[in-house]
There are 2 protein chains.
Amino acid sequence: MKPGRCLCVCVLLVLSMAGNGNGGNILVWFTEGSHWINLKPVLEALIDRGHQVTVLVPSSSLFMNASEPSRFHYEPFNSSVPLEVWEEIIEEFIHFSIYEMDYLSYIQIHIKFLEIAKKEVKFTLQHLDSMVRSDTMARLREGKFDLMLADPIYPGSELVAEVLDLPLVYTLRFSIAHTWERLCGQLPAPPSYVPGAMSKLTDKMDFMDRLWNFLFYASQDMFAYHGKTSHFLQWKPTSACELMGKAEIWLIRTYWDFDFPRPFLPNFKFVGGIHCKPAKPLPEDLEEFVQSSGDAGIVVFTLGTMVTNMTAERRDMIASALAQIPQKVLWRYSGEKPKTLGANTKLYDWIPQNDLLGHPKTRAFITHGGTNGIYEAIYHGVPMVGIPMFADQPDNMVHMKAKGAALIMEFNFMETEDLVKALKAVINEPSYKENAMRLSRIHHDRPIKPLDEAVFWVEFTMRNKGAKHLRVQTHELTWYQYHSLDVFAFLLAVTLFITVLFIKTCSFCIRRCCCRKGKTKTKAE
Amino acid sequence: MKPGRCLCVCVLLVLSMAGNGNGGNILVWFTEGSHWINLKPVLEALIDRGHQVTVLVPSSSLFMNASEPSRFHYEPFNSSVPLEVWEEIIEEFIHFSIYEMDYLSYIQIHIKFLEIAKKEVKFTLQHLDSMVRSDTMARLREGKFDLMLADPIYPGSELVAEVLDLPLVYTLRFSIAHTWERLCGQLPAPPSYVPGAMSKLTDKMDFMDRLWNFLFYASQDMFAYHGKTSHFLQWKPTSACELMGKAEIWLIRTYWDFDFPRPFLPNFKFVGGIHCKPAKPLPEDLEEFVQSSGDAGIVVFTLGTMVTNMTAERRDMIASALAQIPQKVLWRYSGEKPKTLGANTKLYDWIPQNDLLGHPKTRAFITHGGTNGIYEAIYHGVPMVGIPMFADQPDNMVHMKAKGAALIMEFNFMETEDLVKALKAVINEPSYKENAMRLSRIHHDRPIKPLDEAVFWVEFTMRNKGAKHLRVQTHELTWYQYHSLDVFAFLLAVTLFITVLFIKTCSFCIRRCCCRKGKTKTKAE
């Protein structure tokens, strides 16, 4: 009963050996931030296997750099939306999420998010319009591509794939309340046990949770459906949702180590942890600091690339908590130095996060709860203390807490002793490490590695010019047909008809009987 | 863009290389006929990988022979139900299906099937009782098994797994209308696009089809649920369905080459085609006959192991049809020789079916439509003419016809010219061969071979003493919670309450206003 690791290694070996000849021509939609980090290994693997990869890059990209030397062919296009606009939107979103949201009511938060989303959609469509109307489209037409690979979080790929008549493969972490997956991809998700993404619920829901989840689905559907039906009308007489529904494969970037088990469809592949890899040795100075921790070990701490600074009060509070634990702490933080920084804590502008998480001395990971970081912790079996900041981070940490591998802190409300207590629990109570190791086993022990699976389905779609045999027939049904409401209505009508007929017949018979009796009586009298 | 074959071969290689040390101890529930044929390769592979396999065999088994030399360890037990009883039931079922059913109404068929099923259940429970009460149980307790592997079509494995506290892995082709998978395994199956097994429907359904499918599900559920809740009560205070729901993994013996795409759960693995393998060279005399067919090629014809004879009229009709095609025909038939047998047709008591289907000269396969035979035809890309006889065969052939790889004949009603026409179409119209080859590509082009996938999940369950991370939370919900009916009821109640409150308030206000006016009026008067 050997674990599946050697099997996975061999699959990878064969995949890379097979990478020559018959290369495909893949067009990749632009993306940003952690999405780009996650997409890159897939593109690298595709290039290793002899395919040509062309990546669309808008002039106002925040994270992609079309002029840096790379194995990808970059296809830049001028966007009418300047970089500053995107920076402003993101800054506004992050600042609101971290510093304002906690003090507002649900309605106020919803209104603010709608406002930001509206602005984002407006600029995204402008952005897309610059591309569709530019000479880039003519170049893409000449490019003779075999496939479009896209993260639908940056809309437009479905439109361009339709115009260029390319099979489309999605790579997606989630949409809010899984609206796109459900409404466009026809993924079934009973609200009774599939918590909507961003709902901060688990799959174990009491009545109030299920009520909330139901309303969350319903409200998000109304909002998302409106957007997804109207956005593309200026270019094509079709809805964005219909175009999204044409995606051949949805590569979902989670697995059952992170997500709660749920129903899915044959063209949904769960490939969470694509970017994970074994730890490399640390640079000498880092290794020295790590080794100086002795038996106590180290704690790795980062709040991600988006949060670079924080208020003096918060950083001092955190630093004084870190100073109270026996572990050495490596804190990725480029803001002002906290006054209370302990001798055991070192600040770094950047850390080799994966290599540190894979180090045998690592005892815990303090994280903002981004999916990529969590997946590295799962890969190496490291328990976590989450300080979620924005977007899906709170929801991600709820998953890890539910699986017993993490504790959650609230950035604005936690105090020094809360953080110390959480860190001590996660490091000293064996259940957290055990659960982290259990998730790690689930992550590694699968028939095929996530990266190999992603590459396989991209190549399958190219080889077969689609994956229609995985496409459910629901796409051709209306919502009332899907839920058998017309069948219900018919059966109800038939039942009612029979009941009425029965009552009428009975009453007719009774009346006839009575009449006769009446007549007989009269006669007798 | 190379196909996935080399990958699969390598996976198999690694799987077999890894087969030493740490062997598990697997208990296998008894099974029969084509189910046993399909299970054997999995057991062989498990033995190759160093596991010990013990197979339970009742004394009244039709197909299993505990005394034949084998790599499995057989564990025989005395059944209180003699072999003749089983033979009688099967004979009755087959005779009714082939010769009587076609001339009866749906209600008459249903009543007859219920009668046979009732008899079968009675004897199955007797059979099971002999095992549970025998000293076999004591021996099994001492056997220190790691896992129970079972085809639930022969009930009882779930009860014995519960008693022995073993993780349970199912291998299943289907249950009628997927009742077990749905009711016990919690597999979602919207009746609007998932045709119930045995319904003879496809995933493309018009209103009447969907109505029929809905009623088919409902009627089967009532029947199956009653049985599954009451059967085991004599031994354990639990329902069979609850015990079935504890199965860690369901290895479903189809894939999207055969089945219509449908929603499924993380612990349902589609491993159709487990027994398929490349063709071996034919014996000399067979090869000579096959080669004598020239460019016209051959047709392979078998109605399976269960049908050995037929009426003179039917066999003569079939033989005269076969005599009219230019192909040579190899007919597996051990009954009386037809009078009209053509020079191009040879009868055989047994044929190497897989080797013939994989022969380059094979143009078509005339089949009764058993899943194993169909899968061999899919594996080798051979178009089919189906003459379905009983059980799932009509439904199987509907699948193949819907996918454009087969035509269907009705055994009792087809005439010579119908069969000739069907054979000529399947052989000469390119679409049938093209579709058969398309299904073959789908079959071969998957990330992992079905046998390897089955073995992987059996071993995973042993390694991890279960596969709880794949188990959906639905198992803990009631049916009304699952369908969110309590949430609906609550929302309806709240809406009604608010509406009534609103109306009452309005009418109160209006009345007050009116009263005042009235009073004012009176005063004024």
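**Figure 1. Strands β8 and β9 side by side in chain A.** In this predicted model, five bridges join strand β8 (residues 298-302) of chain A to strand β9 (residues 328-332) of chain A, and the two run parallel. To find your place in this view, look for A:V299, which stands opposite A:V329 in β9(A). Against the sheet packs helix α10 (residues 284-291) of chain A, which touches β8, β9 and β10 of chain A. The direction of α10(A) makes about 140° with that of β9(A).

**Figure 2. The open six-stranded sheet of chain A.** Reading across, the strands come in the order β10-β9-β8-β11-β12-β13 (chain A), and their pairing is parallel. Which strands stand at the edges? They are β10 (345-348) and β13 (406-408) of chain A; each has a single partner strand, so one side of each is left without a neighbour in the sheet. From one strand to the next, the twist averages 15°. Strands of a sheet pair through backbone hydrogen bonds, either parallel or antiparallel.

**Figure 3. Two helices beside the strands of chain A.** Helix α14 (residues 393-402) of chain A lies across β11 (362-367), β12 (384-386) and β13 of chain A. Relative to β13(A), α14(A) runs at about 135°. Its packing partner in this view is helix α13 (residues 371-380) of chain A: the two helices pack at an angle of about 20°, with their axes 10 Å apart. That angle makes α13(A) roughly parallel to α14(A), since angles under 35 degrees count as roughly parallel. You can trace the contact through A:T371, A:I374 and A:I378 in α13(A), which meet A:N396, A:M397 and A:M400 in α14(A). How many of the residues in this contact are nonpolar, polar or charged? Four are nonpolar, two are polar and none is charged.

**Figure 4. The open seven-stranded sheet of chain B.** Let us move to the other chain. Here the strand order is β3-β2-β1-β4-β5-β6-β7 (chain B), with parallel pairing. The edges belong to β3 (73-77) and β7 (268-270) of chain B; each has a single partner strand, so one side of each is left without a neighbour in the sheet. The twist in this sheet averages 20° from one strand to the next. Within the sheet, strand β1 (residues 25-28) of chain B pairs with strand β2 (residues 52-58) of chain B in the parallel sense, over four bridges. Along that pairing, B:I26 stands opposite B:V53 in β2(B). Helix α2 (residues 33-48) of chain B packs on the sheet and touches β1, β2, β3, β4 (147-150) and β5 (168-172) of chain B. The direction of α2(B) makes about 150° with that of β2(B). Helix α17(B) also packs on the sheet, touching β1, β4, β5, β6 (249-252) and β7 of chain B, and its direction makes about 170° with that of β6(B).

Figure 5. Over all chains, the structure holds 59 aromatic pairs. One of them joins B:F456 and B:W457 in an edge-to-face arrangement, 4.9 Å centre to centre with 85° between the planes. B:F456 is buried, with a relative accessible area of 3%, and B:W457 is buried too, at 2%. B:F456 also pairs with B:F460, and that pair is tilted: 6.2 Å centre to centre, 35° between the planes. Why are B:F456 and B:F460 separated by about one helical turn? Because they are four residues apart in helix α17 (residues 450-463) of chain B. Both B:F456 and B:F460 are buried.

**Figure 6. A ring cluster with members from chains A and B.** Ring pairs link A:Y255, A:W256, A:F264 and A:F270 with B:Y255, B:W256, B:F264 and B:F270 into a cluster.

Key: Residues numbered from 1 in each chain as written. Chains lettered and ligands numbered in written order. Predicted model: local features only at pLDDT ≥ 70, side-chain atom pairs only at ≥ 80, totals over all residues. Heavy atoms only, no water. Pairing = 2+ DSSP bridges. Axes fitted to C-alpha atoms, helices over the stretch in contact; angles between N-to-C directions. Contact = heavy atoms within 4.5 Å. Parallel < 35°, antiparallel > 145°, perpendicular 65-115°, else oblique. Nonpolar A, V, L, I, M, F, W, Y, C, P; charged D, E, K, R; others polar. Phe/Tyr/Trp six-rings, centres within 6.5 Å; stacked < 30°, edge-to-face > 60°. Buried < 20%, exposed > 50% of the residue type's maximum accessible area, 1.4 Å probe, protein only.
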